[in-house]
Amino acid sequence: MQTKITKLFNIEHPIMQGGMHYVGLAELAAAVSNAGGLGTITGLTQRTPADLANEIARCKDMTDKPFAVNLTFLPSLKQPDYPGYVKAIIEGGVTVVETAGRNPVSVLPYLKDAGIKVIHKCTSVRHALKAQAIGCDAVSVDGFECGGHPGEDDIPNMILLPRAADELEIPFLASGGMADARSLVAAIAMGAEGMNMGTRFMATKEAPIHDNVKQAILNATELDTRLIMRPLRNTERVLTNPAVERLLAKEKALGKDIKFEDIIEEVAGVYPKVMQNGDMDSGAWSCGMVAGLIDDIPTCKGLIDRIMKEANEIIQERLAGLLA
Ligand SMILES: Cc1cc2nc3c(=O)[nH]c(=O)nc-3n(C[C@H](O)[C@H](O)[C@H](O)COP(=O)(O)O)c2cc1C
């Protein structure tokens with residue numbers, strides 16, 4: 001399937017793996033790219049620019065296909081060394097960068113000068129238009145369903161994607177709630193040029209995370225995510241667990257007076273404990289509603305091949321059959 005996104009990124013299938021903290025390591029990025037999608041290394045999971053340079057080199061040892069690096073700009077106590085990370089990306093010969101959080105205007109000129117394609121992930125049409133205006137090549141439009149940070153507008157993809165299609169000139173990926181061939185065909189019907197998946201790629205053989213996390217996703221239904229940090233305007237969709245329920249109880253009790261320090265125990269330093277040690281109740285970790293659609297742990301190639309085969313069947317048999 002050729003779309004504007006496959007051509008832009010020089011990939012075989014219009015499927016991207018979004019950046020995921022402590023999940024998007026070289027093993028997963030390379031597996032997705034080797035399967036014909038676009039894998040992504042999560043920049044800030046690497047503690048220093050030198051570590052990121054090393055991770056990019058490791059990925060290049062595992063694939064000769066294009067892959068991306070995610071650069072996330074989120075509120076954080078200590079500002080990461082963004083210029084250093086950008087330098088590591090450019091010197092590493094990376095061809096695509098996924099930016100997220102606030103708009104990437106501060107790093108865009110350096111990336112563009114190096115010939116790097118930039119896809120900005122955003123949760124509203126106005127932010128997508130801003131990304132287009134500053135010169136991003138594409139956007140990933142993340143609906144309310146998504147795992148991670150859905151923003152504060154709460155617009156699901158059935159509305160957000162056609163709205164993006166109506167307004168944007170640059171190509172966009174549908175992101176949030178995407179799991180299978182039905183997601184891909186629906187996304188394309190709504191004007192997207194492919195899809196970006198997070199949670200679905202966590203439940204793959206190559207995802208370099210503890211088996212407990214993969215099992216938790218398999219066990220979860222679409223009812224099992226919660227929105228946390230809404231009062232701080234830093235909303236995150238996470239899988240529920242006792243720590244998340246404790247955090248929500250604090251949010252309820254403290255109301256608008258809540259501060260980040262009040263919930264630090266449930267959110268700080270959680271990712272290595274969950275993803276590496278499989279300590280599932282140690283705090284809040286991102287997970288999409290799409291967990292309700294995930295019931296196996298295929299290889300990335302098995303997953304992507306299945307999606308493309310079934311997408312062909314939906315288009316050529318089911319949809320074309322409706323017209324026959
Ligand atoms: C465990 C996890 C960690 C994530 N970490 C990041 C991150 O560090 N930066 C980022 O831009 N997006 C992050 N995301 C969001 C994903 O890249 C993607 O946009 C999102 O998962 C799409 O929704 P889905 O999970 O329904 O597929 C994360 C998502 C998950 C599930």
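The shell around the ligand divides into 9 nonpolar, 16 polar and 4 charged residues, where Ala, Val, Leu, Ile, Met, Phe, Trp, Tyr, Cys and Pro count as nonpolar, Asp, Glu, Lys and Arg as charged, and the others, Gly among them, as polar. The model is predicted: local features need pLDDT of at least 70, side-chain atom pairs count only at pLDDT 80 or more, and totals for chains, interfaces and linings use all residues. Numbering starts from 1 along each chain as its sequence is written.

In total, 29 residues surround the ligand, the closest being G18, A100, G147, G198 and G288; a residue is near a molecule if its C-beta atom, placed from the backbone, lies within 6 Å of it. Two or more shell residues come from each of β3 (67–73), β8 (195–197) and α9 (199–202). Helices (H or I, at least four residues) and strands (E, at least two) are DSSP runs, numbered from the N terminus.

Domain 1 (4–208) and domain 2 (211–289) each supply at least three residues to this shell; their bounds come from an automatic or database domain assignment. The C-alpha centres of the two domains lie 23 Å apart. Their contact (C-beta atoms, placed from the backbone, within 7 Å) is summarised below.

| Domain | Residues in the contact |
|---|---|
| Domain 1 | 19 residues |
| Domain 2 | 16 residues |

The side of domain 1 that touches domain 2 comprises 8 nonpolar, 9 polar and 2 charged residues.

Helix α8 (residues 181–189) has S183, L184, V185 and A187 as its buried residues, meaning that 20 or more other C-beta atoms, placed from the backbone, lie within 10 Å of their own. These buried residues pack against α7 (157–167), β7 (172–175), β8 and α14 (300–323). After α8 comes G191, with a positive phi near 110°.

Notes
Contact = placed C-beta atoms within 7 Å. Buried ≥ 20, exposed ≤ 12 C-beta atoms within 10 Å, placed from the backbone.
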